[in-house]
Amino acid sequence: MTPIAFPMETRYRPILESLVPPDPMSRLHLRRFSADEEFPDLSRNSTWMARILTPAMYRRQFHRCTQSGVIFDDVIRPGLEEPGERPTPESVGCVAGDAQCYVLFCDFFDRVIEAHHQHEISGQAPEGDFNYDNLKGTCDFDSSYAVRCEASVVRGVEDFCFPTHCSRGERRQLLTLARRALLRLEEEELPGRFLPLEELDQEQQRELNLEPPSAYQLRIGTARDWPDARAVWVSKDGSLVVWVNMDDHLRLVSTRDDGNIVEAFKCVCINLQKLEGFYRELRHPFTWKQQLGWVSSSPADVGTGLRIRVHLRLQHLPGHKRLQDVLRRLRVCMHATTESPALYCVSNAATFGRSEVGLTQLVVDGVKLLVAMEKRLEDGRDIDELVPTQK
């Protein structure tokens, strides 16, 4: 789908002019040449950033700078560090250093978001739905195929830069806020432990499946000063894990060793809404933008920030010639895991354009159909009549 072009510059110009100093770049004194001379080589880059960015668009962004000092080259740096593999872009190839980036560089970010999520941005605020009772039909998966599931959601905190750009002081203040909010959560019938990463030994890190930061995280800045002001909170019953100051300000994860995705989704919904209330009381609500919904550092997570993952044991379907067409129609993605050659992770391809319940329903319906196809292939039958129409 080609991103819809519309005059976002005109729409946002009064906002841009009121928020940004007349010439913020003059305060930075960066030794740069002209925009045309600084334009990056994107010829071997397959990210959405590279597909959308043009010299003309780069010139428009070149002299802009957010109040916290994020320039456009900071935004596109991830895509230059990790150019991806052709022919299909899987990575957005860009990141927001702070929430203002989504306004200041809106003509770029909006096109990336529309292309990645396959959904047009409108003037209306996205609708949210955390009512897990609205899920339709049975959500029980065949345990012979569904071996694990996970629901996770990311959130950014208002008034703080995102991890690629935040200072040590900001990161430490975010840690303090998280500690206070999660202490309140413990008082609300969910006991847990707050574990700063710098206090964990190697054995404890292995138990939490915590790995050292990758070279990519180090290059783009999310792992600066590691492990300073990073933490993980683990509920006593193991139903919920909250990561603090990793790739995002907050990431809530509920993992189950079965296919009961409804319980995982329910756990995330209930506790996310409680934390949202606690952060509001602390006068630092989660970051929300009118046309995009919840925003965090990556445009791949705008809207809901929700990821629903189900691990399936599949032998025949992964090699079928129509698999990619089926996944595209279902609007889910599937990739092999490192645990087993026959174990695959199925998840929602987008986080924007549907409510939380809608995205969960999408994955539930998709997993059921994939399992039905696998069973047909096991019996030597064809799956053509099960191929769905476009979701």
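The model is predicted, so local features need pLDDT of at least 70 and side-chain atom pairs count only at pLDDT 80 or more, while totals for chains, interfaces and linings use all residues. Residues are numbered from 1 along each chain as its sequence is written, and side-chain values use heavy atoms, with hydrogens and water left out.

Confidence comes first: the mean pLDDT (the predictor's confidence in each residue, from 0 to 100) is 89, and 90% of the residues reach 70 or more. Over residues 1–5, however, the pLDDT is below 50; this stretch has 11 contacts (heavy atoms within 4.5 Å) beyond near neighbours in sequence.

The chain contains 14 helices and 10 strands, taken as DSSP runs (helices H or I, at least four residues; strands E, at least two) and numbered from the N terminus. Its C-alpha atoms fill a box of roughly 70 × 50 × 40 Å along the principal axes. Of the 391 residues, 54% count as buried, where buried means under 20% relative accessible area, exposed over 50% and partly exposed in between (1.4 Å probe, protein chains only). Among contacts between residues at least 6 apart in sequence, 75% join residues at least 24 apart.

Leaving aside residues up to four places away in sequence, Leu377 touches His316, Leu317, His320 and Ile383. Leu317 is 60 residues from Leu377 along the chain, yet their C-alpha atoms are separated by 7.2 Å.
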